[in-house]
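Have a look and see what you make of them.

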Amino acid sequence: MVTPPAAYTFVATDLDGTLLRSDDTVSPRSRAALARAASAGAPHLIVTGRAVPGIRALLADLRYDGLAVCGQGAQVYDAGAARMVSSVTLDRELADTALGKIEAEVGQVFAAVDQDGADGRTLIEPGYRMPHPSLPAQRTRHRAELWAAPVIKVLIRHPELTDDELAAAARGAVGDLASVSMAGPGTVELAPYGVDKGTGITSAAGLLGRDPAGAVAFGDMPNDLPMFRLVGHRVAMAGAHPELRAAADEVTLSNEDDGVAVVLDRLFP
(Lines give C-alpha, C1' and ligand atoms only; values in the text may rest on other atoms or scores of the structure.)
Protein backbone atom coordinates (compact mmCIF):
# COMPACT_ATOMS: atom_id res chain seq x y z
CA MET A 1 0.00 0.00 0.00
CA VAL A 2 1.24 3.50 -0.84
CA THR A 3 1.68 5.63 2.28
CA PRO A 4 -0.66 8.62 1.97
CA PRO A 5 0.73 12.14 2.42
CA ALA A 6 0.53 13.74 5.84
CA ALA A 7 -1.52 16.64 4.49
CA TYR A 8 -3.97 16.32 1.61
CA THR A 9 -4.46 18.99 -1.03
CA PHE A 10 -8.06 18.04 -1.83
CA VAL A 11 -10.58 15.19 -1.78
CA ALA A 12 -11.76 14.07 -5.22
CA THR A 13 -14.89 11.97 -5.46
CA ASP A 14 -16.78 10.34 -8.25
CA LEU A 15 -20.57 10.53 -7.82
CA ASP A 16 -22.49 7.49 -9.10
CA GLY A 17 -21.56 4.36 -7.21
CA THR A 18 -19.18 6.34 -5.00
CA LEU A 19 -20.49 9.37 -3.12
CA LEU A 20 -24.14 9.12 -4.16
CA ARG A 21 -26.45 6.52 -2.69
CA SER A 22 -28.83 4.68 -5.00
CA ASP A 23 -31.47 7.37 -4.52
CA ASP A 24 -29.07 10.07 -5.76
CA THR A 25 -28.57 11.56 -2.29
CA VAL A 26 -25.49 12.16 -0.14
CA SER A 27 -25.78 10.91 3.41
CA PRO A 28 -25.46 13.24 6.41
CA ARG A 29 -22.37 11.32 7.49
CA SER A 30 -20.67 11.84 4.13
CA ARG A 31 -21.58 15.55 4.14
CA ALA A 32 -20.09 15.94 7.61
CA ALA A 33 -16.90 14.07 6.66
CA LEU A 34 -16.38 16.19 3.55
CA ALA A 35 -16.96 19.37 5.55
CA ARG A 36 -14.43 18.26 8.15
CA ALA A 37 -11.85 17.52 5.44
CA ALA A 38 -12.43 20.96 3.90
CA SER A 39 -11.96 22.59 7.32
CA ALA A 40 -8.65 20.75 7.57
CA GLY A 41 -7.53 22.25 4.25
CA ALA A 42 -8.62 19.55 1.79
CA PRO A 43 -11.62 20.90 -0.15
CA HIS A 44 -14.01 18.61 -2.00
CA LEU A 45 -13.64 18.31 -5.79
CA ILE A 46 -16.44 16.49 -7.61
CA VAL A 47 -15.15 14.52 -10.61
CA THR A 48 -18.03 12.90 -12.48
CA GLY A 49 -19.03 11.46 -15.81
CA ARG A 50 -22.31 13.34 -15.63
CA ALA A 51 -22.61 16.52 -17.66
CA VAL A 52 -23.23 19.78 -15.81
CA PRO A 53 -27.04 19.86 -16.30
CA GLY A 54 -27.26 16.47 -14.60
CA ILE A 55 -25.67 17.63 -11.35
CA ARG A 56 -26.69 21.26 -10.86
CA ALA A 57 -29.59 20.35 -8.55
CA LEU A 58 -27.26 18.12 -6.53
CA LEU A 59 -24.66 20.90 -6.26
CA ALA A 60 -27.33 23.24 -4.95
CA ASP A 61 -28.51 20.68 -2.41
CA LEU A 62 -24.94 20.16 -1.19
CA ARG A 63 -24.33 23.93 -1.12
CA TYR A 64 -21.29 23.11 -3.22
CA ASP A 65 -19.64 26.31 -4.46
CA GLY A 66 -16.32 25.05 -5.80
CA LEU A 67 -15.18 23.67 -9.13
CA ALA A 68 -16.65 20.46 -10.51
CA VAL A 69 -15.12 18.28 -13.23
CA CYS A 70 -18.01 16.95 -15.34
CA GLY A 71 -18.67 15.04 -18.56
CA GLN A 72 -15.72 12.62 -18.16
CA GLY A 73 -13.35 15.58 -17.89
CA ALA A 74 -14.74 17.55 -20.81
CA GLN A 75 -16.22 20.26 -18.57
CA VAL A 76 -14.94 22.29 -15.64
CA TYR A 77 -17.79 24.13 -13.94
CA ASP A 78 -17.67 26.83 -11.28
CA ALA A 79 -20.67 26.04 -9.09
CA GLY A 80 -20.32 29.17 -6.96
CA ALA A 81 -20.39 31.49 -9.97
CA ALA A 82 -22.78 29.23 -11.94
CA ARG A 83 -20.59 29.41 -15.02
CA MET A 84 -18.74 27.04 -17.29
CA VAL A 85 -15.00 27.58 -16.92
CA SER A 86 -14.02 25.34 -19.82
CA SER A 87 -15.60 22.80 -22.14
CA VAL A 88 -14.22 20.51 -24.84
CA THR A 89 -16.60 19.28 -27.51
CA LEU A 90 -16.51 16.09 -29.55
CA ASP A 91 -16.51 16.71 -33.28
CA ARG A 92 -19.90 15.46 -34.46
CA GLU A 93 -18.68 14.12 -37.79
CA LEU A 94 -15.96 12.16 -36.03
CA ALA A 95 -18.50 10.90 -33.50
CA ASP A 96 -20.83 9.68 -36.23
CA THR A 97 -17.90 8.03 -38.01
CA ALA A 98 -16.83 6.38 -34.75
CA LEU A 99 -20.32 4.93 -34.25
CA GLY A 100 -20.20 3.52 -37.77
CA LYS A 101 -16.85 1.87 -37.11
CA ILE A 102 -18.12 0.35 -33.87
CA GLU A 103 -21.23 -1.01 -35.58
CA ALA A 104 -19.10 -2.49 -38.34
CA GLU A 105 -17.41 -4.56 -35.61
CA VAL A 106 -20.24 -5.49 -33.24
CA GLY A 107 -23.51 -4.81 -35.07
CA GLN A 108 -26.11 -2.24 -34.11
CA VAL A 109 -25.59 -0.12 -31.01
CA PHE A 110 -27.96 2.39 -29.48
CA ALA A 111 -26.63 5.88 -28.81
CA ALA A 112 -27.27 9.00 -26.78
CA VAL A 113 -25.42 12.31 -26.48
CA ASP A 114 -24.81 14.95 -23.85
CA GLN A 115 -24.94 18.35 -25.45
CA ASP A 116 -22.44 21.08 -24.67
CA GLY A 117 -23.25 23.86 -22.21
CA ALA A 118 -24.65 24.30 -18.72
CA ASP A 119 -28.14 23.89 -20.17
CA GLY A 120 -27.34 21.20 -22.73
CA ARG A 121 -29.80 18.36 -23.16
CA THR A 122 -29.31 14.62 -23.16
CA LEU A 123 -30.71 13.21 -26.40
CA ILE A 124 -31.40 9.49 -26.86
CA GLU A 125 -32.11 7.70 -30.13
CA PRO A 126 -34.80 5.03 -30.48
CA GLY A 127 -33.79 1.86 -28.63
CA TYR A 128 -31.45 3.55 -26.16
CA ARG A 129 -32.32 2.95 -22.49
CA MET A 130 -31.05 5.44 -19.91
CA PRO A 131 -28.88 3.79 -17.22
CA HIS A 132 -30.07 6.46 -14.76
CA PRO A 133 -33.82 6.84 -15.28
CA SER A 134 -33.88 9.80 -12.88
CA LEU A 135 -31.82 11.91 -15.28
CA PRO A 136 -33.85 13.88 -17.83
CA ALA A 137 -33.51 12.91 -21.48
CA GLN A 138 -35.25 13.77 -24.71
CA ARG A 139 -35.94 11.03 -27.23
CA THR A 140 -35.23 11.66 -30.91
CA ARG A 141 -36.84 10.05 -33.94
CA HIS A 142 -33.56 9.02 -35.59
CA ARG A 143 -29.79 9.21 -35.03
CA ALA A 144 -29.20 12.25 -37.21
CA GLU A 145 -31.02 14.38 -34.65
CA LEU A 146 -28.31 13.60 -32.11
CA TRP A 147 -25.98 15.91 -34.00
CA ALA A 148 -28.26 18.98 -34.01
CA ALA A 149 -25.99 20.89 -31.59
CA PRO A 150 -22.43 20.54 -30.24
CA VAL A 151 -21.90 17.55 -27.93
CA ILE A 152 -19.34 16.69 -25.27
CA LYS A 153 -19.77 12.91 -25.36
CA VAL A 154 -21.67 9.98 -26.82
CA LEU A 155 -23.11 7.13 -24.75
CA ILE A 156 -23.54 3.71 -26.36
CA ARG A 157 -25.25 0.44 -25.43
CA HIS A 158 -25.31 -2.95 -27.11
CA PRO A 159 -28.22 -5.39 -26.82
CA GLU A 160 -25.98 -8.40 -26.09
CA LEU A 161 -22.37 -7.46 -25.28
CA THR A 162 -21.26 -6.78 -21.72
CA ASP A 163 -19.92 -3.34 -20.89
CA ASP A 164 -16.35 -4.68 -20.83
CA GLU A 165 -16.80 -6.34 -24.22
CA LEU A 166 -18.36 -3.24 -25.76
CA ALA A 167 -15.69 -0.93 -24.36
CA ALA A 168 -12.89 -3.16 -25.67
CA ALA A 169 -14.49 -3.43 -29.11
CA ALA A 170 -15.09 0.32 -29.24
CA ARG A 171 -11.47 1.11 -28.37
CA GLY A 172 -10.26 -1.17 -31.11
CA ALA A 173 -12.65 0.31 -33.65
CA VAL A 174 -12.38 4.06 -33.05
CA GLY A 175 -8.62 4.45 -32.57
CA ASP A 176 -7.84 8.15 -32.16
CA LEU A 177 -11.30 9.35 -33.19
CA ALA A 178 -12.40 9.42 -29.55
CA SER A 179 -11.51 8.33 -26.04
CA VAL A 180 -13.54 5.36 -24.82
CA SER A 181 -14.45 4.84 -21.17
CA MET A 182 -16.66 2.57 -19.10
CA ALA A 183 -18.38 4.71 -16.51
CA GLY A 184 -20.89 2.36 -14.93
CA PRO A 185 -23.40 -0.37 -15.65
CA GLY A 186 -24.74 0.21 -19.15
CA THR A 187 -22.54 3.26 -19.59
CA VAL A 188 -19.83 3.05 -22.27
CA GLU A 189 -18.92 6.50 -23.54
CA LEU A 190 -17.00 8.27 -26.29
CA ALA A 191 -15.33 11.55 -25.34
CA PRO A 192 -13.02 13.90 -27.27
CA TYR A 193 -9.76 12.08 -27.91
CA GLY A 194 -7.30 12.60 -25.05
CA VAL A 195 -9.98 13.90 -22.67
CA ASP A 196 -10.74 11.99 -19.48
CA LYS A 197 -11.08 12.51 -15.75
CA GLY A 198 -7.31 12.88 -15.54
CA THR A 199 -7.20 15.86 -17.89
CA GLY A 200 -10.21 17.36 -16.13
CA ILE A 201 -8.72 17.03 -12.66
CA THR A 202 -5.44 18.48 -13.92
CA SER A 203 -7.26 21.56 -15.22
CA ALA A 204 -9.27 22.01 -12.02
CA ALA A 205 -6.27 21.49 -9.77
CA GLY A 206 -4.33 24.11 -11.75
CA LEU A 207 -7.14 26.62 -11.26
CA LEU A 208 -7.24 25.82 -7.55
CA GLY A 209 -3.47 26.03 -7.22
CA ARG A 210 -3.32 22.55 -5.69
CA ASP A 211 -1.18 19.54 -6.54
CA PRO A 212 -3.16 16.41 -7.54
CA ALA A 213 -0.28 14.28 -6.26
CA GLY A 214 -1.29 15.29 -2.75
CA ALA A 215 -4.95 14.44 -3.17
CA VAL A 216 -7.06 11.47 -2.07
CA ALA A 217 -9.56 10.16 -4.62
CA PHE A 218 -12.55 7.82 -4.48
CA GLY A 219 -14.04 5.91 -7.42
CA ASP A 220 -15.68 2.71 -8.58
CA MET A 221 -15.31 2.26 -12.35
CA PRO A 222 -12.56 2.17 -15.03
CA ASN A 223 -13.29 5.78 -16.03
CA ASP A 224 -11.78 6.71 -12.64
CA LEU A 225 -8.39 5.19 -13.56
CA PRO A 226 -6.99 8.40 -15.15
CA MET A 227 -7.86 10.22 -11.91
CA PHE A 228 -6.24 7.48 -9.81
CA ARG A 229 -3.00 7.79 -11.78
CA LEU A 230 -2.60 11.41 -10.68
CA VAL A 231 -3.42 11.37 -6.99
CA GLY A 232 -1.44 10.35 -3.93
CA HIS A 233 -3.99 8.04 -2.33
CA ARG A 234 -6.53 5.97 -4.27
CA VAL A 235 -9.63 4.45 -2.69
CA ALA A 236 -11.93 2.03 -4.50
CA MET A 237 -15.46 1.39 -3.32
CA ALA A 238 -16.66 -2.07 -2.33
CA GLY A 239 -17.96 -3.71 -5.49
CA ALA A 240 -15.73 -1.53 -7.68
CA HIS A 241 -14.68 -2.81 -11.10
CA PRO A 242 -11.69 -5.21 -10.84
CA GLU A 243 -9.47 -2.87 -12.87
CA LEU A 244 -10.01 -0.07 -10.39
CA ARG A 245 -9.60 -2.30 -7.35
CA ALA A 246 -6.25 -3.42 -8.75
CA ALA A 247 -5.10 0.20 -9.01
CA ALA A 248 -6.34 1.22 -5.54
CA ASP A 249 -4.34 1.67 -2.36
CA GLU A 250 -7.32 0.52 -0.31
CA VAL A 251 -10.90 -0.64 -0.70
CA THR A 252 -13.61 0.88 1.46
CA LEU A 253 -17.27 0.06 2.06
CA SER A 254 -19.94 0.63 -0.57
CA ASN A 255 -21.62 3.93 -1.42
CA GLU A 256 -24.70 2.69 0.43
CA ASP A 257 -22.59 2.12 3.55
CA ASP A 258 -20.85 5.53 3.57
CA GLY A 259 -17.58 4.16 2.24
CA VAL A 260 -16.24 7.66 1.49
CA ALA A 261 -17.01 8.85 5.02
CA VAL A 262 -15.41 5.76 6.57
CA VAL A 263 -12.05 6.68 5.03
CA LEU A 264 -12.37 10.42 5.62
CA ASP A 265 -13.25 9.81 9.26
CA ARG A 266 -9.90 8.06 9.59
CA LEU A 267 -7.87 10.59 7.58
CA PHE A 268 -9.49 13.65 9.14
CA PRO A 269 -10.43 12.61 12.70
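Which residues lie nearest the centre of the second largest pocket?

1. Ala-38, His-44, Arg-63, Tyr-64 and Asp-65 do, out of the 17 residues that line the second largest pocket. Keep in mind that this is a predicted model. The space in that pocket comes to about 330 Å³.

2. As for where that lining comes from, α2 (28-39) and β2 (44-47) are the elements that give two or more residues. α2 gives the most, with four. Sorted by class, the lining of this second pocket has 12 nonpolar residues, two polar and three charged.

3. Now the largest pocket: its volume is about 540 Å³. It has 31 lining residues, and those closest to the centre are Arg-50, Met-130, His-132, Leu-135 and Leu-155.

4. Several elements supply at least two residues each to the lining of the largest pocket: α1 (15-19), β6 (110-115), β9 (151-157), β10 (179-184) and β11 (187-191). The class count for this lining is 13 polar, 10 nonpolar and eight charged residues.

5. Back to α2, which also packs against helix α9 (residues 259-267), at an angle of about 35° and with the axes 9 Å apart. The crossing of these two helices is left-handed.

6. On the α2 side of that contact you'll find Arg-29, Ser-30, Ala-33, Leu-34 and Arg-36, and they meet Ala-261, Val-262, Leu-264 and Asp-265 in α9. The residues of this contact split into five nonpolar, three charged and one polar.

Conventions. Residues are numbered from 1 along each chain as its sequence is written. This is a predicted model: local features need pLDDT of at least 70, side-chain atom pairs count only at pLDDT 80 or more; totals for chains, interfaces and linings use all residues. Side-chain values use heavy atoms; hydrogens and water are left out. On a 1 Å grid over the protein atoms alone, a cavity is a set of points where a 1.4 Å probe fits but cannot get out, and a pocket is an open set with protein on both sides within 12 Å along at least five of seven lines; lining residues have an atom within 4 Å of a point. Grid points are joined across faces, edges and corners, and a volume is the space filled by probe spheres set on the points. Ala, Val, Leu, Ile, Met, Phe, Trp, Tyr, Cys and Pro count as nonpolar, Asp, Glu, Lys and Arg as charged, and the others, Gly among them, as polar. Axes are lines fitted to C-alpha atoms, for helices over the stretch in contact, and angles run from 0 to 180 degrees between N-to-C directions. A crossing is left-handed if the near helix is turned anticlockwise from the far one by less than a right angle, and right-handed if clockwise. Contact means heavy atoms within 4.5 Å.
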